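Here are my notes on this entry, as numbered points. Please read them with the model open.

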Amino acid sequence: MSWRPTHAQVRAVSLAAVLLLIAVLGRRPDMAVLGLPLAFVAAWGRYLRPHEEPVLESELDADVLFEGQATTYRLKVSEALDPDIDLVVMSLVRTPWFRYDPPQAAVAESVADGAVTVEVGVRSERWGLRQLEHPTVIATSVLGGYRVQVKAAEALAVSTLPLRDGFEAVDAVPRPAGLVGLHRSRRPGEGTELAGVRPFRTGDRLRRINWKVSARTRELHVTSTWSDRDTEVVILLDTGAEVGISEGIDGRSSSLDTAVRAAASIAEHYLRHGDRVRLIDTGTAAGGVRAGSGRAHLRRILDVLVHADRRGRQQDEYQLARRHRIRSDSLVLVLSPLLRQGILGYIVTLVHSGCTVIAVDTLPPDVADVIDLEQHDARTWPLAWRLRLLERRAELDRLGDLGVPTVGWRGAGTLDEVLRDAARVSAAPRMRS
Amino acid sequence: MNTSDKLSQWLSQLQAMSSATWAARSAIAGAGLVALVLPGVQSWDQMDAIPLAGAFLLVACVMLPDSLAALLFLATICVGWLMRAPNDLSWDLVLTGIALLVVHLASAFAGQMPSYAVAGRQVLRKWLLPATIAILLGPVVAVAAALVRDAAVRGSLVVTVAALIAATGAVWYASGSSMGESGN
């Protein structure tokens, strides 16, 4: 691409030429009054015509965000800019699940001192890995006489992690593997057993700061503890179906949205408390993560959850049981809309193998009201959903009879009641048959 | 994209129009209206087709500043003066010239960015000097031409040839050799 005259330059040149010609040949000074200013504008634009094509590079302040977080997309001149370039206009093609500032994602910046930086704010509204489209960049000369379309900068990808709300649950865990006093936990975490004093790291609680040591060493130190318990928490993520409408972090959530966000929050909570967390995907979309603990493990889980919106082949209950062997003392949290027979059958298998299973219902409450008028009949669709929900209610009751509580996801505190119940049941004396 | 999609996209872009674009398009509309109305109030009889075609082209010019509409609008107004106006220098002519120049500059400004692009005031920094000079050029030329005409300068053939050569040179330079080139 090279610098080309714009409509404005062609207009000024052609009109000035014709008017001045008529003025001179036809002895019409009035035409000179109309034509000379245009000739001047055309000559000025021609004189300040740029010759070098600007080389621009794009960058993001942060390519990993949490849902609802924003970053800045920046377009910069990588080398010295032709001083005759007046304006650089960048227009980003809007990508779904991103909100831009300004909303239309188009900014015009004038060149000052041979440099220009064009910035657009980008806010990610849904978890996932997405590419920002190539921006359209146009540079123009003074008086809009010439323009060039600058080669598109490379596309940048933004990874949005599904973690926003802080999730909290009671400390009750049905069968903790490590107990303070008897068997000290193998992992550091929230607890009362002293593990040592170490330098402060980002994320440490302020109440853990050891002020005496900090004052002596002139550097912040915290008192670290061993985790009070050490349970394997298995998060079973049902990626088989996405029911409902997804409107991003500020709108309605689909079943998959709720499941993924809940999985991230639960993993963060238990890893913070020193437990081992494992992620199992019922399909092949997200893949799984083996049991582990610590902050790096949380990042591994979040990185895997980012890919959960891809369509993957779903496994039935037999394939799930064969591929994912779960220890009988594990706490299994099933995040699912609980509509597929395969997932219900696998829950029954887990209960029979001795696991403590809690089903977190991710089905949106307004699912019957979501109607696609092109595909569904407006009269029969809600009725069909009511029938299906009645069937589902019966299936969930049967799960309840097996000792599997079902709770809807409400964020913090969702699992408190069922965890207390499960801990109480597992601590009760057992009758041998 | 069907018509309703295009219409809704156009409406959303209209809604998101930035202040710079509003100002530029308002300037096109205002100056264009002046250029249309001024010949109409003159003593000479203007062609009936000029206001009609001019109004239509002005609307097109406001909607599509980066198109041939502005060229056609300017040409229409100039043809109106050329066909019926007496060979006279008046302040109305100067005002019309300034209005046409404003239409040209505002169209050039609005045409270099999408209507929804955000632009600060500093984008006009390099426009102020040439635009001011060009606007002042009209009255200066008018006054100079009136003085020369009243002074009845001799040797008008030499003056005409010199002016013709100067005008050709200016236009040749302004058009630049790149006009016909396909690229580098």
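1. Ala359(A) stands opposite Thr406(A) in β20(A). Strand β19 (residues 356–361) of chain A pairs with β20(A) in the parallel sense, over three bridges. Pairing here takes at least two DSSP bridges between two strands. Helices (H or I, at least four residues) and strands (E, at least two) are DSSP runs, numbered from the N terminus.

2. This is a predicted model: local features need pLDDT of at least 70, side-chain atom pairs count only at pLDDT 80 or more, and totals for chains, interfaces and linings use all residues. Residues are numbered from 1 along each chain as its sequence is written, while chains are lettered from A and ligands numbered from 1 in the order in which they are written.

3. The open sheet has six strands, in the order β17-β16-β15-β18-β19-β20 (chain A), with mixed pairing. β17 (289–292) and β20 (406–408) of chain A are at the edges; each has a single partner strand, so one side of each lacks a neighbour in the sheet.

4. Helix α7 (residues 341–352) of chain A packs on the sheet and touches β18 and β19 of chain A. Its direction makes about 155° with that of β19(A). Angles run from 0 to 180 degrees between N-to-C directions, with axes fitted to C-alpha atoms, for helices over the stretch in contact.

5. Now the interface. In chain A, 51 residues are in contact (C-beta atoms, placed from the backbone, within 7 Å) with 61 residues of chain B. α2(A) gives the most to the side of chain A that touches chain B, with 16 residues.

6. Two bridges join β7(A) to strand β1 (residues 118–119) of chain B, and the two run parallel. Ala108(A) has Ala119(B) as its bridge partner in β1(B).

Methods. Contact = placed C-beta atoms within 7 Å.
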